[in-house]
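Trainee: I would like to learn how to read a few features in a structure file. Could you walk me through some of them?

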Amino acid sequence: MDTATPAVTVALHDGASVIASSGQVDARRHGELLLPAVDRVLAEARVKLDAVTGVVVGVGPGPYTGLRVGLVTAATFGSALSVPVHGLCTLDGLAYAAGQGGLEGPFAVATDARRKEVYWARYEDARTRTGDPAVDRPADIAAELAGLPVVGAGAVLYPEAFPDARGPEHVAAGALAALAAERLAAGQELLEPQPLYLRRPDAQVPKNYKVVTPK
Amino acid sequence: MAADEPLVLGIETSCDETGVGIVRGTTLLADAVASSVDTHARFGGVVPEIASRAHLEAMVPTIERALKEAGVSARDLDGIAVTSGPGLAGALLVGVSAAKAYAYALNKPLYGVNHLASHICVDQLEHGPLPEPTMALLVSGGHSSLLLAPDITSDVRPLGATIDDAAGEAFDKIARVLNLGFPGGPVIDRLAKEGDPKSIAFPRGLTGPRDAPYDFSFSGLKTSVARWIEAKRAAGEEVPVRDVAASFQEAVVDVLTRKAVRACKDEGVDHLMIGGGVAANSRLRALAQERCERAGIRLRVPRPGLCTDNGAMVAALGAEMVARNRRPSDLELSADSSLPVTEPHVPGAHPEHSHDHVHEISKDNLYS
Ligand SMILES: [Zn+2]
């Protein structure tokens, strides 16, 4: 499952292929949509949650509030069912989906970070990220990514910075699960299911208190 | 403790405490709390994003700690309760998401409950079943209200509330003016014990004959105390911190207890319950005891650890929901930062989408 972007997406994967999946785009209702989506996907596959042997969750980067819904849900499932919980970079899921769609490297992936910024990373190919994800203003990275296709809603949103914007716009849990299954089968370690915020919380140490006595 | 009383786990994340409690009926079995208060201290108040991040980190470990402490197995639970509001939206969402996932994974009914009603219900763990009706004075950094509760699971009526600052906020602000740090409640309580509460006559807000009898106002008091301190400083005199703390505290608890006792008399209620973080204040407890005794009212105040935000209070209300067969919440349950006090819980929207139906596919017990 992934809730790091406006997409609330859930998929069930049996190690070979996606059995059922759900994707809804609603940036404000991650909390309401995720569990019913899990329930629908399991019902469609006629599988009970306790048959699941592992949980994979997108760790972002993403705007915080929605991101946490997926992470805490995954962690709680892991605890309740005693199954492992793995993290994957949400941008890696988008890159993998772009590869499934026929895009070959190199390219970049960008999602909407709000506040006129994007979360982004460069890829050698659909499975290989080069460098850590970052958060920047589109204009500040346009030159660096010039000539590259850029995948995702963060690219589509800023056509002047990313003239070669490509789909898919949103991450799909099916791609995330397929990538995880591939890596686990190859004996590779996945990430800890910890959030990639990339920004510090907005918090300011207050100045001295305001004097109330009129001058 | 009867084995047939409901065994409920409660999750609380409305502010800066990640709380998970487990109760059986009115018996407390575990109360695990992880607090991020130290992280907020240097900001002089709770920073919502810092609180939310801390909840995510602490959530599952705190659930596991509570289960261990209670010595019960998750599969034996009769329900999962969670604070669905009011509170900080992002903070609430972490607890609500965890509770939904836990209830779903264990195939247990879910109860989204009201934080304020939980503050009242927690006293069942200390003093047994609540009398009906109960008069409750809730005072904390986020709320100051007088509530009449004929049935804590379904009928809670607001009689009055603060029209500006919450009582706890006033303590924090005065502590800041006096450079005493955050949070202000405990330190002012401590210093006030060594001061003279009658030394400075600070104003009692909204106590005039034409004022709303059950509403509170602490903003004017706060300004008045700050001006008094500033005048001393401007005159180059030393500020008598202990006397200021004692006189300020006296002004707050005088108004709180006076109005609460009056509400009991007016409504013919012979029990007063006081809850919320400020109920840990020793002078509030003492003065309330004195005035209740004089008025023939029985005072119920839980121990300080149960007055501040915790998971046990949520579990206590959840257990009452189970015991009284209230309709569970559904999987669409959302965090509602402004959930009205008149809604003690958030039942599922559609009876046909009740818990059992949603879980039709997994009806046979996951662990059977
Ligand atoms: Zn509270």
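Trainee: Is B:F216 buried or exposed?

Mentor: Happy to start there, and keep in mind that this is a predicted model. Buried stands for under 20% relative accessible area. B:F216 comes out at 0%, so this residue counts as buried. B:F218 is buried too, at 2%. The rings of B:F216 and B:F218 form a stacked aromatic pair, with 6.1 Å from centre to centre and 10° between the planes.

Trainee: How many aromatic pairs are there over all chains?

Mentor: The count is six. One of them joins A:F107 and A:Y123, stacked with 5.8 Å between centres and 15° between planes. A:F107 sits in strand β5 of chain A and A:Y123 in strand β6, 16 residues apart, so to speak a link between distant parts of the chain. Both ends are buried: A:F107 has 0% relative accessibility, and A:Y123 has 2%.

Trainee: Now the metal, please. Which residues coordinate the zinc ion?

Mentor: Look for donor atoms around the ion. Here they are NE2 of B:H115, NE2 of B:H119 and OD of B:D309, at 2.1 to 2.3 Å. Along the chain their spacing reads H-x3-H-x189-D. B:H119 belongs to helix α4 of chain B, while B:D309 is in the loop between α11 and α12, so this pair ties together parts that are 190 residues apart in sequence. B:H119 is buried at 1% relative accessible area, and B:D309 is buried at 16%.

Trainee: And what describes two packed helices?

Mentor: The general idea is the angle between their axes, together with the distance between those axes. In chain B, helix α2 (residues 48-70) and helix α3 (residues 89-106) pack at about 35°, with axes 9 Å apart. Their crossing is right-handed. On the α2(B) side the contact includes B:L56, B:M59 and B:I63, and on the α3(B) side it includes B:V94, B:A98 and B:Y102. By type, the contact residues are eight nonpolar, four polar and no charged.

Technical notes: Residues are numbered from 1 along each chain as its sequence is written. Chains are lettered from A and ligands numbered from 1 in the order in which they are written. This is a predicted model: local features need pLDDT of at least 70, side-chain atom pairs count only at pLDDT 80 or more; totals for chains, interfaces and linings use all residues. Side-chain values use heavy atoms; hydrogens and water are left out. Donors are N, O and S atoms within 2.8 Å of the metal (3.2 Å for Na, K and Ca); water is not among the atoms, so sites may look incomplete. Helices (H or I, at least four residues) and strands (E, at least two) are DSSP runs, numbered from the N terminus. Buried means under 20% relative accessible area, exposed over 50%, partly exposed in between (1.4 Å probe, protein chains only). Axes are lines fitted to C-alpha atoms, for helices over the stretch in contact, and angles run from 0 to 180 degrees between N-to-C directions. A crossing is left-handed if the near helix is turned anticlockwise from the far one by less than a right angle, and right-handed if clockwise. Contact means heavy atoms within 4.5 Å. Ala, Val, Leu, Ile, Met, Phe, Trp, Tyr, Cys and Pro count as nonpolar, Asp, Glu, Lys and Arg as charged, and the others, Gly among them, as polar. Rings of Phe, Tyr and Trp (its six-membered ring) pair if their centres lie within 6.5 Å; planes under 30 degrees apart count as stacked, over 60 as edge-to-face and the rest as tilted.
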